[in-house]
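Here is a friendly set of questions about how a few descriptions are reached. Have a look at the sequence and structure before reading on.

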Amino acid sequence: FIGRNQAKMTLTVGKNETSGDDGGEPELVVKCSVLGGFSESDEIRALIASLPEISENAATKEVATEKFLVIMDRYQEQPHLLDPHLEWMMNMLLDIARNEKSPPPLLHLGFKFLYIISKVRGYKIFMQLFPHEVVDVHPVLDLLSRQNPKDPEIWETRYMLLLWLSMTCLIPFDLSRLDGHLDSVSGQAREPTMDRILAITYLTVTDSCRYAAAVLVSKFMTRPDVKKKHLADFLDWSLTTIMQADEKLMIDLVVMDGTLQSLAQLFKHGKRDDFLQHAPTVLQCLDQKHLLESNHEMLRKLGVKLIQRLGLTFLKPRLAKWRYQRGSRSLAANLSMAQSTPGSETPGTPDVEMRDQEEDYDIPEEVETVIEQLLVGLKDTETIVLLSLTFQETDNAWHGGCLALAELGRRGLLLPSRLANVVPLILKALTYDEKRGACSVGSNVRDAACYVCWAFARAYEPPELTPFVSQIASALLITTVFDRSVNCRRAASAAFQENVGRQGTFPHGIDIVTTADYFAVGNISNCYLTISEIRDLATKALHNLTPQAPEYMASVLPQLLQSTTSSDLHGRHGAILAFAEITHALYKLGADVNRPVTDVIPAGCLEGFKGIHKTVMCSLIEKMSLSKMPLKDDPVIEGWQWLIDDTLKSLHLMSSRTRDVVRDSAIGALAALCEEYYQVGPGQADPRIQDLLVSQYVAGLKSPEVLTRSSSALALGCLPKCMARTRLQQVLGGACVAGQKEVSFTEGRRDAVRAIAQLCVKVGVSAQGTPDSVICSGNIGQVYRPLLHSMGDYTTDSRGDVGSWVREAAMTSLMEVTLLVVSTAPELLAPDLVERMMCCIVQQAAEKIDRYRAHAGMVFLRLLHCSDPAVPHIHHREELLSIFPTGTTLNWNASSHAFPYITQLLGLEHYRYHTLLGLTVSVGGLTSSTVRFSSQSLFEHLKGIQQDSTALGHFGDALLKVFKDNLRHDRVSIPLLKMLDMILSNNCFEVFATQEDHPFCVDLLALCKEEIKRSMSMQKLPSCIAVFCGLIQFRGPVRKLVLSQLLVLLGHGLFAVRKETAGQMYEMLLTYDDVVDAEVLDEAMTLLSDTNWSNDLATVRTFRNQLSDMLGVPRPQLVAKVTVRDSMP
């Protein structure tokens, strides 16, 4: 659909295709919105017209400004759409400025709107619309002179007035004509207009008005009448200011900035003849000031800009007749040239002929100084340019040189004859990479080199670049596919595409552009593996490329072997990985034709890589083992095993960023090594090696180093079936010990739990088997006990709930082991074991952390819906399937989706307790969304059973059991108190409240008293106070007990507790007016609200006792502490 003012375009920019059964990735579609016009013109007109009414009110003024700003910002990328409307908007706003009755707030608001428009459209275009007639000069000047240069709130007014004044300076009349009689009516002399403008001091202000003042200087000082009188003086003042300024002072930096801005504008807009005589003096001043050595980027930039314009002032303007031109700037000329005959010549234009007839003139000596200064500036670190290209130069020099070459080529100043010298440098720049300590630099150089290739594609005709096409195309393709910087890959892709389109000589250009377009190379894995970590991904790319040229890949193996002993650690690492990946790929190719890998790789490689086993990475061991290299009983195997063990023992010495990667690589190498080289027969392990490794890793499970425990557990889990058989009891016993809860070994427990499941899957299940070989009736309990025990791991440390790692691993392991047992021998699963497992998973599915709730929900549904065969002994299977039908797609991560299903489990007897236990930490948690949706679902459930006293009783019993089992266990008790407060506040136990001394209230009161006994926790006490106040709704003698407990808290040692209790009791008496007699209700509430409960204890306890008398409750009595000595006779 294309609307009247806005069109929506959908562009298909590329797609990634991958081979395999899974099919390709979906097309990458980029959508963009293209505005068709200024559709809000009526709205803006009405808004500007309403400014007089809204300018006095700060709130409405802010709303109007924000609305105007939002509308204008939509046109930042297409500002030309505003052009037909700029004039009427400016006129409406200038009418406000011209109206002498406009109050200051309205005036400043109008200029603020003008500034917003100029910011979007650009001041150079917008300022041209300012009226610049004679009658405008004095009003604008008077208005500007009334502004306070130091007022930060109205800088937009000053900015726009300076631009307006700069336009009025374009009037062709001498400014002295505007002065008339300089004597005023009062006889005092008036200042001439020219002097008034000269007196404007905005070049030295700290806001953006400084830039507008520089524009004013360029317009004013270049007037014929002004430059005769004041240009020389202004230049003298500017140079004196620059020389006397101190860069260390902020105010002097601002002054230098404004002065340099004005000089740069003057030499840009002024006539060459007027400024040529002053240019040497200005250049000498800049040379003495050494601006290019300044520490401030802006000063260096302005210095380069001014020096460059001084150089153009020294040189006469002429078009170099030797420059290279591709086509013509005129479209008509291009078309006429295309229609002319091949042998015809285009006649020269009169301008060119005139320039050809010009005689050569002497180049001023200052030009050499200018070029020298520019070359120094071209090495600047802030993306300026450079021409000198040697490997001794810094990366900034290379960067600048590439940019300079690109600009020279675009302007035709780099002749085709120089391409033979330039292209080799560009090819080197495309691979520029310089190590700096632990990192490397050069991505900016490679990006600039891509820009050169892009610029050359536009600058030169195809025949000029044909000799270099092969080199440029190869270099660009390698950068596109293999550069580690996404910006460089995209720049190379764009340059390649530009060459394909403009030159048409790149081989396979269209196919490559389609596959490796700008967006496809953005994904590094897709780029390296599909189209083509960096070293690791690069070697995987070599693995994928090997089938395309196996003979060539085999021939580079000796070279890689030499690189494995390089002094460059990174190069050695990459060479080892590359050797491993290529060898594995060659093995796969040989296996397809029944050829051993030794027939494919070059002679000598087998012996060559044995010599590097002490420094080789574990990836090499894994790939060599997978490649079935004939090394059985070779001494190198012992070295490999030592390397793996040493790596696993040294993990604590590595950085946390690389530790996991190295560990996983070592574990993968161990698994492949054991599978290939430690078997004496099919499925039969070498007894000596088996005993050695199993004993070693089981002993590691008791190590005091957590990483050793973790790596030992993973090592046991990766052992092949042959290594685990006959040693299963020993391994399971060690894993059970490692899975026991110890605060500092969370990772070890997690990996031990994972290892149990991995071993079970490998050895398999047999009901009649032996416990030392398979999972059977003799060890099924030994497998499930540590897994179920790990479901209750809630260890926390400085990293947070680290026990969740163990619980997640336990859920996964329970699912894998259960599905394995069910598929082979379901009779091994006892009813109590299945019940406990399902209840533990339900509890996790009701808890507060989204990720683990989602994982638990996935495991629960997987076990529930398993049907081939079904998991036996699941209680309430039919009810569960009605809640979670087969095929249910539930977003467990979303609290709003998950909890309405979870709370339905509260109606199932066997799951009620654990569901409520999980819900407790969700309802009483801290995450607002989880609290909101979990509590809503809980209250919906309670609302449904509120009239069913039996169901409500079961719920209450479960609630009290949760409280009793977790008494003084803050992880549960604190959120439980919060949940109880919410339940009582919503009158969910109203049925119980009508009964005298209902057991639920009595038991809950006793548990709350026990929970806060001797507690000073400000997390726990306020929640318990709220529960006490909620319990006041229950009738009978229990109410007096509740009041007694509240009065005890009114005399608590912490004044914050006393104040909290008084506030809660005040709200309680407002809510339940039958707690106290009506005659003393007002007096009791006044005492609660007016007493300063932060006073000393003796004072507040006096008021507390008065309140006890009003409520008819015995005064709390202090209990004397009984010591051993006091109790002796």
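Q: How do you know that the reach of helix 35 is close to the expected one?
A: In this predicted model, helix 35 covers residues 687–700, which is 14 residues. From its first C-alpha to its last it reaches 20 Å, and 20 Å is expected at 1.5 Å a residue.

Q: Which residues of helix 35 are buried?
A: They are I689, Q690, L693, V694, Y697, V698 and G700.

Q: What puts these residues on the same side of helix 35?
A: They cover an arc of only 155° around the axis, so they sit on the same side of the helix. In general, an α-helix has 3.6 residues a turn, so residues three or four places apart point the same way. The face turned away from the buried side of helix 35 carries the exposed residues P687 and R688.

Q: Why is T479 called buried?
A: Its relative accessible area is 5%, and buried means under 20%, so T479 qualifies. T479 lies in helix 23 and touches L430, C450, C488, R489 and A492, leaving aside residues up to four places away in sequence.

Q: What makes the pair A475 and T479 a polar contact?
A: The backbone oxygen of A475 lies 2.9 Å from a polar atom of the T479 side chain, and the cut-off is within 3.5 Å.

Q: How do helix 49 and helix 52 cross?
A: Their axes come within 9 Å and cross at roughly 35°, and the crossing is left-handed. Among the residues that meet there are I974 and L977 in helix 49, and V1027 and L1031 in helix 52.

Key: Residues are numbered from 1 along each chain as its sequence is written. This is a predicted model: local features need pLDDT of at least 70, side-chain atom pairs count only at pLDDT 80 or more; totals for chains, interfaces and linings use all residues. Side-chain values use heavy atoms; hydrogens and water are left out. Helices (H or I, at least four residues) and strands (E, at least two) are DSSP runs, numbered from the N terminus. Buried means under 20% relative accessible area, exposed over 50%, partly exposed in between (1.4 Å probe, protein chains only). A polar contact is a pair of N or O atoms within 3.5 Å; within protein, one must be able to donate a hydrogen and the other to accept it, and residues adjacent in sequence count only if both atoms are side-chain atoms. Contact means heavy atoms within 4.5 Å. The expected span of a helix is 1.5 Å times one less than its number of residues. The arc is that of the directions from the helix axis to the C-beta atoms. Axes are lines fitted to C-alpha atoms, for helices over the stretch in contact, and angles run from 0 to 180 degrees between N-to-C directions. A crossing is left-handed if the near helix is turned anticlockwise from the far one by less than a right angle, and right-handed if clockwise.
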